[in-house]
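Hi everyone, thanks for making time this morning. Let me put the structure up and then walk you through some helix packing and a few charged pairs.

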Amino acid sequence: MGVIKQQSIKSTLLIYIGFAIGGINIVFLFPHFFSNEEFALTRLLPEIAMMLVPICTLSTVPTISRFFPYYSSRLKDKDNDMLTWAMLATLVGCGLFALGTLFFRQQIINAFIEKSPLFVDYFYLVYPNVFLFAFFAVLESYSGARHLTVFPNFLKELVMRLLTTVLIFLYYFKLVDITTFLWLFSLLYGALLVALLVYLYRHNFLHFTFRVSTVSRRLLPKMSIYAFSLLGAILFNLLANNVAPLILGSTKGLDDVAYQTIATYMSMLILIPQRSISAIGLPVLAQAWKEKNMSKIEEVYVKSSLLQLIYALFIFLAIWLNIDSFFKLLPPEYAKAKYVVLCYGISRVIDMGTGLNSQLLATSRLWRYDLYSSAVLLALSLPLNFYLINHYGLIGSGFATLISMAVFNLIRYAFIWAKFGLQPFTINSVKAIGVSLVAYFGVTWIPFIIHPIIDIAIKGALFAVIFIGLTLVLRVSDDVNSTVNETIHKLRRKQ
């Protein structure tokens, strides 16, 4: 867990800084400088791109993580053809997507023209969003397979949001109109893609060769089956997790998409540690399965579950403590999303608390179960979202997410326990829940004071002191204690 801990800490810090900047964009800039429809459009375009990446990359992103250890152990870097074929597959996938949207263009227009005409007007911007994000995702996965996760996270989480802030102010000061803003916004991943290419080139990891290696010849049938099976799993997962804004946009209008965006953003704060832990944990699990090192797999599974549970409880309860103060910073109508935040937040805690179950399955011999369980998630999420949103509006998306994610993670948890004899929970998991409840109820009684920001700062600081203090004293996680001790030791040495 040493590599995972070190890189996940660096990545998590970068991501939180990026999310702080993103919070300024989403809370203070977009809602006040743009109409609700324009704001929702800037969220809808990236959401669509994220959902379509598995199709456009033909599922090469997880395939790189799964099979790269076989390439790196048998080929020199200059003979490693994995990246070449992944990029070519993505080019083919993007072409198929473009043809598909042209074929179904009228159906797409009919679905959105009544409630979300602005999306129809700017539908062509889906293409640069999807294509650039797809190629960046392939390079990001390739970097992760080489245990280089910090710089891609720096680009995606920090640089992307800084550039977005710059564009917002260009629009605010009338240096660009809305069309130019949306074009520049849609091309941001192009700048990140170039930066990542340069980074890999300078590290001497950017090699393209059209000579088919012996590893590719031997593994191509397995990789093809794996890629197309996981294509379904990832697509099901993404559709299940991102279908709400599409249903809201087509049935309720872009205003509700804007409110749902705030709830999604706040719940995504909870998922930040999972993103950095899973990025480095995936290649480690792939290598452990290759070596049949079950003790390593169990260590990663158990420790990732505990670390993610601690992070998730801390972030979620810190948000919920200050939820009313937070919504006082926004236009009044955004308060409709309050209980959507609650539902999304609980679902994120459940998802993170069960550890790297998706990554464990995807890199194992039973990787097809990743497809089956993801199909169950989609089978639950689509009808639940459609029914509950139509009957209960915005809060319906929260109920649908909570129900589907709870069932989905329960199924995976039971399967991993039954097939591999692995389960992630220990007595420390119970300690983490107890610590979080004590910290929450120890602070929740503090009344509103003067200003929302002051209220957030006071409650947040007191909650953090109690939560972190109890976590360290009760030794809930050895990784957390060792990290704090190492940090203190380094600070003392510098003095």
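Let's start with Lys156, which is buried, with a relative accessible area of 18%. Buried here means under 20% relative accessible area, exposed means over 50%, and partly exposed is in between, with a 1.4 Å probe and protein chains only. Before I go on, please keep in mind that this is a predicted model, where local features need pLDDT of at least 70 and side-chain atom pairs count only at pLDDT 80 or more, while totals for chains, interfaces and linings use all residues. Residues are numbered from 1 along each chain as its sequence is written, and side-chain values use heavy atoms, with hydrogens and water left out.

So which side chain does Lys156 meet in a salt bridge? That would be Glu140, at 2.7 Å from N to O. The pair links distant parts of the chain, with Lys156 in helix α8 and Glu140 in helix α7 (residues 126-145), 16 residues apart. Glu140 is partly exposed, at a relative accessible area of 21%. For the term itself, a salt bridge is a side-chain nitrogen of Lys or Arg within 4 Å of a carboxyl oxygen of Asp or Glu. Helices, by the way, are DSSP runs of H or I with at least four residues, strands are runs of E with at least two, and both are numbered from the N terminus.

How many salt bridges does that rule give? The count comes to eight. Another of them joins Glu157 and Arg161, whose closest N and O atoms are 2.8 Å apart. These two sit four residues apart in helix α8, so about one helical turn separates them. Both Glu157 and Arg161 are buried.

Lys78 counts as exposed, at 52% relative accessibility, and Asp79 as partly exposed, at 33%.

Now for the packing around α9. Helix α8 (residues 150-172) and α9 have axes that come within 10 Å and cross at roughly 170°. Axes are lines fitted to C-alpha atoms, for helices over the stretch in contact, and angles run from 0 to 180 degrees between N-to-C directions. Parallel or antiparallel, then? α8 and α9 are roughly antiparallel to each other, since angles over 145 degrees get that label, under 35 is roughly parallel, 65 to 115 roughly perpendicular, and the rest oblique. On the α8 side the contact (heavy atoms within 4.5 Å) uses Thr164, Leu167, Ile168 and Tyr171, and on the α9 side Ile178, Phe181, Leu184 and Phe185. By class, that makes seven nonpolar residues, one polar and no charged. Nonpolar covers Ala, Val, Leu, Ile, Met, Phe, Trp, Tyr, Cys and Pro; charged covers Asp, Glu, Lys and Arg; the others, Gly among them, are polar.

The other partner I'd like to show is helix α2 (residues 36-56), whose axis comes within 11 Å of that of α9 (residues 178-186), crossing at roughly 25°. α2 and α9 are therefore roughly parallel to each other. Their contact includes Leu41 and Leu45 of α2 and Phe181 and Phe185 of α9. Here the classes are seven nonpolar, two polar and two charged residues.

Finally, Ser229 in helix α11 (residues 214-251) counts as buried, at 15% relative accessibility. Leaving out residues up to four places away in sequence, Ser229 touches Trp367 and Leu371.
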